[in-house]
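Hi,

Here is the structure I promised to pass on.

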Amino acid sequence: MPDLGKYAEAVLSSYAISIAIIIGLIVVSVMRANRVNKQLQEIENKVKNNG
């Protein structure tokens, strides 16, 4: 790891915050995709059953 000097805390905390935001976005995206897929399946089943 390079020597970051007096800015080490700011740089490392920025990396940590960025990684946390990216992970949060991934989790929210996956949860939304699952919810949308479930809704789509329900709609397709209604159309299939009702003709």
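A quick word on terms before the findings: helices (H or I, at least four residues) and strands (E, at least two) are DSSP runs, numbered from the N terminus. On that basis the protein has 1 helix and 0 strands.

Some ground rules. This is a predicted model, where local features need pLDDT of at least 70 and side-chain atom pairs count only at pLDDT 80 or more, while totals for chains, interfaces and linings use all residues. Residues are numbered from 1 along each chain as its sequence is written, and side-chain values use heavy atoms, with hydrogens and water left out.

Now the overall shape. The C-alpha trace spans about 70 × 15 × 5 Å along its principal axes. The radius of gyration (taken over C-alpha atoms) is 22 Å, whereas a compact globule of 51 residues would have one near 10 Å; that globule rule is 2.2 Å times the number of residues to the power 0.38.

What share of the 51 residues is buried? Buried residues make up 0% of them, where buried means under 20% relative accessible area, exposed over 50%, and partly exposed in between (1.4 Å probe, protein chains only). The accessible surface comes to about 4900 Å², and 64% of that belongs to carbon and sulfur atoms. Those areas come from the Shrake-Rupley method with a 1.4 Å probe, and for residues only the protein chains shown count as cover.

Helix α1 covers residues 8-50, and K46 lies in it.

- A8 sits in helix α1 and counts as partly exposed because its relative accessibility is 23%. Its C-alpha atom is separated by 30 Å from that of V28, 20 residues apart along the chain.
- L25 is also found in helix α1, and is exposed because its relative accessible area is 53%. The C-alpha atoms of L25 and R35, 10 residues apart along the chain, are 15 Å from each other.
- K46 is exposed, with a relative accessible area of 57%. Between the C-alpha atoms of K46 and S13, 33 residues apart along the chain, there are 50 Å.

Last, the record: an unreviewed UniProt entry lists residues 12-31 as "transmembrane region". UniProt positions are in the numbering used here, feature names are shortened, and annotations may be inferred rather than shown by experiment. In the model that span is 100% helix and 0% strand, and its end C-alpha atoms lie 29 Å apart.

Cheers
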